[in-house]
Amino acid sequence: METQLLQIQYMNSLSSKLKPLFSSSSSSRAIVHFSSFSVPLTPSAPKRRVRARNSVRLSADVAAALKEEWLDSLSCPLPESQDDPTQINADINWVIGVDPDLSGALALLKPDPSSGCSAQVFDSPHLPVRVGNRVRKRLDTRSIVQLVRSLDAPLGTAAYIEQSTPFPKDGKQGWWSGGFGYGLWIGILVASGFSVIPVSSPLWKKEFELTGAGSTKDDSRRIASTLFPSLSDQLKRKKDHGRAEALLIAAYGKGLRMKVDPSLVMEKLVS
């Protein structure tokens, strides 16, 4: 009898300590685990699929309107005063191409009196940054701003940038770095007065037959070297693929979508 009273007192004491844990909303379901049994606090309810509020099917017209509004937000408005001759509208002969990766680059195509089109390419500036216990490369924001300002391109110039597409094998650091670079380049280009046009990798690569399973970054260097022979010396190394892709993105934006015959390449690219 005495043992039973002690057990009852112990259970009452334990119940008073656990009582605050039981005060949950009726929609929640919790389980308190003991050594050999579990006590469901509320009856289990059948699971229901809840569609996210933004997960809706859009008509073609609505989707097109949303895309138009988004692209419009990526264009810096021109100044109200046109008295300054340097503050003019875009010249369609000027095109910027950007590969926003750490190993990427910026390419500039502009009119040239002698050849019709002059091409330049610049590596993306970066600097070492401590991340946790490691030192990693990160884009150098100030240097990118200085680079973009040095282009002297007219306001409103179209800047084509490859959309950031994370892959599962890239890992968390790769996802973060890709998104950071993509957003950083867009912000700087828009703030500098250019009209940014994101373009997916398959879209621009399709124009140069670079979408096949056997296509490599060496193919990008080969085609860029053919389209821009004056820059072939800057595209010889394997690590120059970022320069090549920036040039091809700019070429896509300008409309240089010729089919390239590999036999036209006069100089063999070396690693």
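How are H6 and H7 oriented to each other? I took this question to the structure, keeping in mind that the model is predicted.

**Entry 1: the helix pair.** I looked up helix H6, which covers residues 217-227, and helix H7, which covers residues 241-254, and I found that they pack at an angle of about 55°, with their axes 8 Å apart. I therefore noted H6 and H7 as oblique to each other, since an angle counts as roughly parallel under 35 degrees and as roughly perpendicular from 65 to 115. I also wrote down that H6 passes H7 in a left-handed crossing.

**Entry 2: the contact.** I then listed the residues that meet: Lys-217, Ser-220, Arg-221, Ile-223, Ala-224 and Leu-227 on the H6 side, and His-241, Ala-244, Glu-245, Leu-248 and Ala-251 on the H7 side. Sorting the residues of this contact, I got six nonpolar, two polar and three charged.

**Entry 3: the cores.** I turned to the largest nonpolar core, which has 25 residues, and noted that Trp-204, Phe-208, Leu-227, Phe-228, Leu-247 and Leu-248 touch the most other members. Strand E4 (105-110), strand E5 (118-123), H6 and H7 each supply at least two residues of this core, and its largest share, eight residues, comes from H7. I found a second, separate core of 23 residues, with Ile-96, Leu-139, Ile-161 and Trp-185 among them.

**Entry 4: the loop.** Last, I looked at Lys-238, which is found in the loop between H6 and H7. I recorded Lys-238 as partly exposed because its relative accessible area is 45%, which lies between the limits of 20% for buried and 50% for exposed. From C-alpha to C-alpha, Lys-238 and Arg-221 are 8.1 Å apart in space, although 17 residues apart in sequence.

Note on methods:
Residues are numbered from 1 along each chain as its sequence is written. This is a predicted model: local features need pLDDT of at least 70, side-chain atom pairs count only at pLDDT 80 or more; totals for chains, interfaces and linings use all residues. Side-chain values use heavy atoms; hydrogens and water are left out. Axes are lines fitted to C-alpha atoms, for helices over the stretch in contact, and angles run from 0 to 180 degrees between N-to-C directions. Helices (H or I, at least four residues) and strands (E, at least two) are DSSP runs, numbered from the N terminus. Angles under 35 degrees count as roughly parallel, over 145 as roughly antiparallel, 65 to 115 as roughly perpendicular and the rest as oblique. A crossing is left-handed if the near helix is turned anticlockwise from the far one by less than a right angle, and right-handed if clockwise. Contact means heavy atoms within 4.5 Å. Ala, Val, Leu, Ile, Met, Phe, Trp, Tyr, Cys and Pro count as nonpolar, Asp, Glu, Lys and Arg as charged, and the others, Gly among them, as polar. A nonpolar core is a set of buried Ala, Val, Leu, Ile, Met, Phe, Trp, Tyr and Cys residues joined through side-chain atoms within 4.5 Å. Buried means under 20% relative accessible area, exposed over 50%, partly exposed in between (1.4 Å probe, protein chains only).
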